[in-house]
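The sequence and structure are shown first.

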Amino acid sequence: MSKGIISKDEDYSQWFNDLVIKADLAEHSAVRGCMVIKPYGYSIWEKMQAALDQMFKDTGHSNAYFPLFIPKSFFSKEASHVDGFAKECAVVTHYRLKNDGNGNIIVDEDAKLEEELIVRPTSETIIWNTYRGWIQSYRDLPLLINQWANVVRWEMRTRLFLRTTEFLWQEGHTAHATAEEAIAETEQMLNVYADFAENWLALPVIKGRKTANERFAGALDTYCIEALMQDGKALQAGTSHFLGQNFAKAFDVKFANKEGKLDFVWATSWGVSTRLMGALVMAHSDDAGLVLPPKLAPTQVVIVPIFRSDEELAQISEYVTALTKELKAKNIRVKYDNRDTQRPGFKFAEYELKGIPLRVAIGGRDLANGTVELARRDTKTKETVQQAGLADVIDNLLVEIQANIYQKALNFRNENTREANSYEEFKKMLDDTPGFISAHWDGTPETEERIKQETKATIRCIPLDNKLEAGTCILSGKPSIQRVLFARAY
RNA sequence: CGGGAUGUAGCGUAGCCCGGUAUCGCGCCACAUUUGGGAUGUGGAGGCCGCAGGUUCGAAUCCUGCCAUCCCGACCA
């Protein structure tokens with residue numbers, strides 16, 4: 001176990017907190033519920049952004065930016081939307097401070113805003129108000145826009161990365177001429193998220209739809225990807241919404257179709273957030289620290305020299321310079337840690353904590369033998385390998401590590417996905433063997449709500465690849481046409 | 001917002017019941033010896049004891065108020 005990190009078996013949530021802090025990803029700020037994302041954490045987020053951004057552009061989307069503030073009146077235009085967000089909005093009421101004469105800075109009551117501004121919890125309203133001016137004809141469609149932004153949701157309880165008051169995300173907002181096209185877009189972006197989760201985060205996800213209860217405020221249908229964390233709790237990793245014509249109607253966004261008739265536009269929105277950082281940590285890491293998938297690791301290979309004298313270091317450095325050049329030619333992100341202020345053992349522990357996928361150690365012994373010591377973070381194994389052809393070995397290993405981390409997470413999820421056929425069995429599983437539970441449900445919000453009240457488990461999704469299967473609801477005993485996926489969730 | 005707890009050096013803590021300006025460890029700085037898994041020794045620096053009042057000759061300690069954080073609920077990307 002690493003210094004200052006509690007074992008994840010002993011206290012999972014404390015382990016997560018320790019890890020985020022010790023690995024230097026983020027820290028609590030002076031502002032309630034808001035975190036400072038530190039350089040190392042932010043560099044991982046930037047890797048995620050870069051990959052996602054490219055995927056959005058490859059599917060025809062463009063980035064734009066809309067205001068942080070939204071006039072309060074916009075919110076009341078879509079009834080279920082305001083219901084969903086009203087309780088967690090930060091509101092700007094004044095635009096000036098003043099000195100009260102006693103050395104205190106106070107809000108200047110004379111500077112009250114005519115209409116209060118809401119700090120965006122999500123941007124549907126301001127964006128659809130803007131789209132009204134951008135769309136007149138079917139020729140203006142589809143409109144495919146994404147924005148990278150921060151949003152604020154005044155949550156009661158916050159946790160680093162998983163639920164902070166302010167968080168970073170991207171939100172896509174698209175407009176289409178037909179429902180079919182909007183639904184296809186919703187599904188396409190869900191697939192982009194699943195692709196990203198599996199191929200970059202090395203995180204297997206279940207694609208599915210939310211029940212009416214769990215649907216986004218203002219959506220007709222909410223699709224999601226659900227992942228399983230190492231403590232057996234589910235985490236919603238991304239959502240994609242089919243908004244129908246709700247926002248078009250609320251903001252009067254009409255277009256002339258090919259027949260010259262006016263119709264309301266069909267909408268989607270979709271987003272992933274810095275919560276993915278939490279998913280990344282919780283899915284793969286261990287008691288020694290982070291385990292980063294090579295594709296997202298800011299540094300993929302760290303080289304640690306072991307030396308007794310300046311002369312020895314100079315000899316090692318000469319070899320490392322050549323190796324580094326080779327690795328960089330293969331687009332491998334490599335760091336040479338030749339600090340003489342820390343000893344090798346300290347560096348080993350530090351890079352394990354930070355999740356660097358591969359470590360190369362090289363000392364006098366290796367120089368004599370033409371070898372290096374190569375250590376994998378994911379398996380914690382190390383071996384002595386020949387210097388000749390090392391760059392290729394490393395290149396291949398990074399691919400293997402990415403695949404291994406994914407496979408490990410997939411095995412874990414498979415081992416912790418179970419079928420329950422009675423309510424007793426269901427409750428026992430939740431307590432004894434947490435994970436996904438596939439069970440029959442009668443399709444009513446009442447049953448869903450009662451299960452949630454009694455067990456804290458929610459329906460994570462109705463998987464898209466579900467097979468229809470007649471059965472009886474575990475709670476009500478009423479007929480059911482399919483199993484749905486339950487879990488306790490973050 | 002309800003229930004519980006905690007605020008003492010960068011971090012973790014002792015002292016509080018029973019008032020007398022603060023203990024220990026990690027980390028930090030200097031030097032020496034070290035360097036293949038978180039080094040050792042010697043010396044050193046670092047504190048408005050969460051904030052504001054009150055009691056007292058004297059408050060980290062007692063009293064009141066406030067603020068913040070954490071844990072458990074309801075809410076949630």
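## Charges over rings

A charge is taken to sit over a ring if NZ of Lys or CZ of Arg is within 6 Å of the ring centre and within 35 degrees of the ring normal. In this predicted model, the charged end of Lys354 sits over the ring of Tyr40, 4.8 Å from the ring centre. The ring of Phe348 has the charged end of Arg359 over it, 3.9 Å from its centre.

## Aromatic pairs

The count of aromatic pairs comes to 17. One of them joins Phe56 and Tyr193 edge-to-face, with 6.4 Å centre to centre and 80 degrees between the planes. Phe56 belongs to helix α2 (residues 39-58) and Tyr193 to helix α6 (residues 179-199), so this pair ties together parts that are 137 residues apart in sequence. Phe56 counts as buried at 1% relative accessibility, and Tyr193 is buried with a relative accessible area of 1%.

The pair of Phe242 and Trp266 is stacked, because the ring centres are 6.1 Å apart and the planes are at 10 degrees. Phe242 lies in strand β13 (residues 234-244) and Trp266 in strand β16 (residues 266-273), so parts 24 residues apart in sequence are tied together by this pair. Phe242 is buried at 8% relative accessibility; Trp266 is buried too, at 18%.

Ring pairs also link Trp45, Phe56, Trp148, Tyr193 and Trp270 into a cluster.

## Helix α1

Helix α1 spans residues 12-22, and its residues Tyr12, Trp15, Phe16, Asp18, Leu19 and Val20 are buried. Their cover includes β1 (26-28), α8 (275-284) and α10 (344-353). After α1 comes Asp24, with a positive phi near 70 degrees.

Note on methods
Residues are numbered from 1 along each chain as its sequence is written. Chains are lettered from A and ligands numbered from 1 in the order in which they are written. This is a predicted model: local features need pLDDT of at least 70, side-chain atom pairs count only at pLDDT 80 or more; totals for chains, interfaces and linings use all residues. Side-chain values use heavy atoms; hydrogens and water are left out. Buried means under 20% relative accessible area, exposed over 50%, partly exposed in between (1.4 Å probe, protein chains only). Helices (H or I, at least four residues) and strands (E, at least two) are DSSP runs, numbered from the N terminus. Contact means heavy atoms within 4.5 Å. Rings of Phe, Tyr and Trp (its six-membered ring) pair if their centres lie within 6.5 Å; planes under 30 degrees apart count as stacked, over 60 as edge-to-face and the rest as tilted.
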